[in-house]
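Here is a brisk report on a ligand site, a nonpolar core and some backbone details.

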Amino acid sequence: MDLHIGEACGVFGVYAPGHPVANLTYLGLYALQHRGQESAGIAVSDGETVTVVKDMGLVTQVFDERRLAPLDGHLAIGHVRYSTTGTSNWRNAQPVYRSVGDAGFALGHNGNLTNTAELAESLGMLPGMAAAQDLADSTTDSDLVGELLARAYAPEVRSDGRDLETALEHVLPDLAGAFTFVLMDDAHLIGVRDRHGFRPLVLGRIEGGWVLASESAALDIVGAHFVRDIEPGEMVVIDAAGVRERRYAEATPKLCLFEFVYFARPDTKLYGQSIHAARQRMGEELARQAPVDAEMVMPVPESGIPAAQGYARAAGIPYGDGLVKNRYVGRTFIQPSQQLRGQGVRLKLNPLPENIKGKRLVVVDDSIVRGTTTRQVVSMLREAGAAEVHFRVSSPPYRWPCFYGMDTGQRSELLAADMSVGEIRDFLGVDSLAYLDLDRLLTATGALPESFCTACLSGEYPVPVPDIDSKHVLEEDGAEPSPVPRAAESPHPSTS
Ligand code: SF4
């Protein structure tokens, strides 16, 4: 990945009487930190009161012993956020909490709804569509879901305490797009995935309780074992009576393909497949598809490592390191001055000239989104004496914006949006360039090809997108108009 594009979010939940649930949630969020670094939050119930603590920053910046100690309870949810809708500020940090009469519930959301304007309008908060769009733009879709649930929540009509579950049954059918939720009230932990399952959610077992997490790796870290994926279109409710499932929509699985390519941790399993092994297979496929006569295969660390290992193995070319990554550069790093901005990439990656000098290199990364970092990496390798630089990418060109929870910015910022592979090769300054074909990438996952969303690579959006212009599709002067994206199901009027 040539830049740190915004991952959507990570969610975690635990129902485990007798366990320090806030501390377990802290560990779970720490394991999911790669999915969102802007804010972190935990909600805990002691059976009577739901307490929420959240703030801007990394998990370790938001929580310490002092903040965790008072969070007593038997049930908790947690959230790490990277803003995909709404601005990045404290008010948008999650879990979202809503009080309804004497009761209340908390919600953590991973994903992005595609019908926020319609939902805002249905709430009657604003009179017209344009105004509703303003609301949708000025707040988060998670807030909207909180409001919808609060209005459907009727503690006075239920005697069995299943108010939140009932409210969800009313609200979920109206939501479109990508949503994985963890929710809680004072007595229940609930996990939900949208009918396509864009974002992952797994169920785990811990002694005396249950865990929900965006990725199976978070289960390992809290000592839980994997039970199963929450199915697309499924709601799972956990309380003192155990676990009960209910299907609220027919499943049409479309897991985000980029979870396999980049987002998920390598030690996570999705669709029963090891992500690390799948990424190595992507490299092997790439070697078969785009061989090159070279002396060393090297990754762009760390994202390109497994695919580079696979490429080297399949090509029979020695694997080596040509770049060293500074392990301690995080998102919070502040450029010291404009003058030093050009040093930005070197602060993260520095070449090893003794490994590179005079060599014909195959350089492997998992994706190129904007290309600016990749270009600087190539330039560094040339300066360090590389004889040839052959760039290989273990996914197809990233041409379309994501509407389902990955923040890739404006379409005009996507390098491949309006450039051919030959033009990108020239822009990067490499001797050759090849991207892995989509069908080979899908084969390498080891899962069913039709069970993935590939919209950013194919333009085929599984859920009609609200308005392609909302991602600022800009045609630069003189550029050929880009092909219109295709909705795989009912096409949205603005795209047909
Ligand atoms: S558009 Fe791309 S990044 Fe977004 S959900 Fe689909 S595959 Fe993932």
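The ligand sits in the largest cavity. The model is a predicted one. Around the ligand are Arg 199, Cys 256, Leu 257, Tyr 398, Cys 402, Tyr 404, Met 406, Cys 453, Ala 455 and Cys 456. By class, this shell has 9 nonpolar residues, 1 charged residue and no polar ones.

Next, the core. The largest nonpolar core has 49 residues. The members that touch the most other members are Phe 258, Phe 260, Val 297, Tyr 311, Val 364, Tyr 398 and Tyr 404. Helices and strands that each supply at least two residues include β14 (255-256), α10 (275-289), β20 (360-365) and α17 (455-458). α9 gives the most, with 6 residues. Nonpolar side chains tend to be buried together in soluble globular proteins.

Tyr 398 and Tyr 404 also belong to the ligand's surroundings. Phe 260 touches residues including Leu 255, Leu 270, Tyr 271, Ile 275, Met 282 and Phe 452, leaving aside those up to four places away in sequence.

Now the backbone. Most peptide bonds are trans, and most residues other than glycine have a negative phi.

| Peptide bond | Form | Omega |
|---|---|---|
| Gln 94 to Pro 95 | cis | near 10° |
| Pro 301 to Glu 302 | cis | near -5° |

Pro 95 is in the loop between β4 (75-81) and β5 (96-100). Glu 302 is in the loop between β17 (296-299) and α11.

Tyr 271 is not a glycine, yet its phi is positive, about 50°. Its loop runs between β15 (269-270) and β16 (273-274). Is Tyr 271 buried or partly exposed? Tyr 271 is partly exposed, because its relative accessible area is 28%.

Methods: Residues numbered from 1 in each chain as written. Predicted model: local features only at pLDDT ≥ 70, side-chain atom pairs only at ≥ 80, totals over all residues. Heavy atoms only, no water. Near = heavy atom within 4 Å. 1 Å grid on protein atoms, 1.4 Å probe; cavity = no way out; pocket = protein on both sides within 12 Å on 5 of 7 lines; lining within 4 Å. Sits in = over half its atoms within 2 Å of the grid points. Nonpolar A, V, L, I, M, F, W, Y, C, P; charged D, E, K, R; others polar. Core = buried A, V, L, I, M, F, W, Y, C linked by side-chain atoms within 4.5 Å. Buried < 20%, exposed > 50% of the residue type's maximum accessible area, 1.4 Å probe, protein only. Helix = DSSP H or I, 4+ residues; strand = E, 2+ residues; numbered from the N terminus. Contact = heavy atoms within 4.5 Å.
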